[in-house]
Amino acid sequence: MSFQAIIGTFELGIIYGIMALGVFLSFRTLNMPDLTVDGSFVTGAAVSVVLSMSGHPILGLILAFIAGGGAGCITAFLHTKLKIQALLAGILAMLALYSINLKIMSGRANIALLNQPTVFSEFEKIIGGDYSKLILASLIVLFLIIIFYLFLNTRLGFLLRATGDNDQMVRAMGVNTDMTIFVGLGIANAFVALCGALLAQYQSYVDVGMGVGMVVIALASVIIGEVVFGISSLMRRLFAVVLGSCLYRFFIAIALELGLPADDLKLVSALIVALAISAPVLKEHYNRLKRKYSPTKPPASK
Amino acid sequence: MLKLAGVSKTFSIGSINEKRALDRVDLSLKPGEFVTVIGGNGAGKSTLFNCISGMYEIEEGQIILDGMDITNQPEYKRSRYIGRVFQDPLKGTAFDMTIEQNLAIALGKGQPADFRPGVTKKNIKYLQERLALLDLGLEDRMKDKVGLLSGGQRQALTLLMATLVKPKLLLLDEHTAALDPAIAKKVMELTRQLVEKENLSTLMITHNMKASLEFGTRTIMMHDGKIIMDIKGEERNTMTVDKLIAQFEKRSGTALENDRMLLS
């Protein structure tokens, strides 16, 4: 792998890390399987590209963030007010967003940014050099992690975390759990959309199908990060999630390097997640088999 | 303080499993009254609690708390005035958060969920003092996750959380039933202290006939969704477990089938 490729992989990993932070909020903190991600990711990318085309890349990121929040609120509405299961609510929102994303892109399946300014090109003009993309992405992620950390330590953040642990307790404490779910899913998808928005400007391209499997990739990043980098404190966990995303990108880059056809990537992603989630069970099976076939030692008698 | 008028609740209306769990229940509590609730399985004790706390909606009747009609208020709104401790020690706390964070949530009951810090230094000091009163040594473990605590420690913590902001009504649903006897005794003693010190209006479900007479100022017995016995004052002071069982069998027309109620 060339040095250039390593830097590129890091850049992608850090950008995708923003999505992993969002999914961390819904899957881990709120304990809700939120599949809106596949749709809200593209919503962010579409909004970002459309606004970049008219020369407003920064505004594009901000509006993408807001649009993603709206998408999350749709899922929260379906789940809390209409009592649709979380999983199905997310699927419905994802499906609806496909059409909405096409509308944002004026009915085109993909749009390329040709020499229009993006946040990356603007930043490069200021500091120059080969690392400007990496620096910008890192700064944005660092900023988001700090904001995220501070938020999770506010009263609202506490209640959101408690909702994931024990929603009954939150209601017994006089707080509407519908509200915490709205806030949680809203912020989670705002992060996901911001990730899509940054990625679209990074690659100067948006495709209506680019969101497929994003939730799986994000989940893989969260799990890898937690296993490899630890969960001992909240701050550590947030960094772990982003670093997990970088590791995931490296796995993929190496697999491609070794000659894996790009078409098989989604299959590999699904396998990684399935293996990571089932690891404890597989380990248990392995231990049982080991006990079964190892020569039995009778307990030592006195 | 609390007034229930003709409260009815039926499960699975219109199906063959239709069950009238509460049948026009009337109940009135004076401020500071500590009422123990007894009755066999399926008598409607927990249903009564769940209707008062808003977990279930009722079909008929009215629930008034301190002059406020809360009949149609959602659960979370009523919770601002009602403290609850459940039978299951897992239900009262957030296991993946620290003792300090759990208590901070309880301390903020009734205040808006906003962007102020979840815990402040000043709060921690106060919470530690309150926790020290439980005499379980938890005040030195503020940063420990609640998931690390035993069932008894959790129930004591939940009890403190339910009363940290003084509620108008405290509901205890067999909150010591899942604990081993020594810890159960300790938690009951803490309950008595807290209720007496804060002069809380309290309803406590118990399976223990002896405890039902030992604790509180009034005892009600439920059967088949109705309150069939309500004793207080002199009558209660002279009541024994044997007489209570005899009364139950006379009034309900059935033998007391529940071993758990007789034993202990």
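Exposed here means over 50% relative accessible area, buried means under 20%, and partly exposed lies in between, with a 1.4 Å probe and protein chains only. Bear in mind that this is a predicted model, where local features need pLDDT of at least 70, side-chain atom pairs count only at pLDDT 80 or more, and totals for chains, interfaces and linings use all residues. Residues are numbered from 1 along each chain as its sequence is written, chains are lettered from A and ligands numbered from 1 in the order in which they are written, and side-chain values use heavy atoms, leaving out hydrogens and water.

The buried residues of α9(B) are L244(B), I245(B), F248(B) and S252(B). They sit on the same side of α9(B) because they cover an arc of only 100° around the axis, taking the directions from the helix axis to the C-beta atoms. An α-helix has 3.6 residues a turn, so residues three or four places apart point the same way.

As for its length, α9 of chain B runs over residues 241-252, and its 12 residues reach 16 Å from first C-alpha to last, close to the 16 Å expected at 1.5 Å a residue. That expected span is 1.5 Å times one less than the number of residues. Helices (H or I, at least four residues) and strands (E, at least two) are DSSP runs, numbered from the N terminus. After α9(B) comes G253(B), with a positive phi near 75°.

Searching the whole structure turns up two cavities of 30 Å³ or more; a cavity is a set of points on a 1 Å grid over the protein atoms alone where a 1.4 Å probe fits but cannot get out, and lining residues have an atom within 4 Å of a point. The largest has a volume of about 80 Å³, and its lining includes F158(A), M173(A), I105(B) and K109(B). α7(A) gives the largest share of that lining, three residues.

The second largest cavity holds about 60 Å³ of space. Among its lining residues are M169(A), M173(A), R84(B) and K109(B), and β6(B) supplies the largest share, three residues.

Note on methods
1 Å grid on protein atoms, 1.4 Å probe; cavity = no way out; pocket = protein on both sides within 12 Å on 5 of 7 lines; lining within 4 Å. Points joined across faces, edges and corners; volume = space filled by probe spheres on them.
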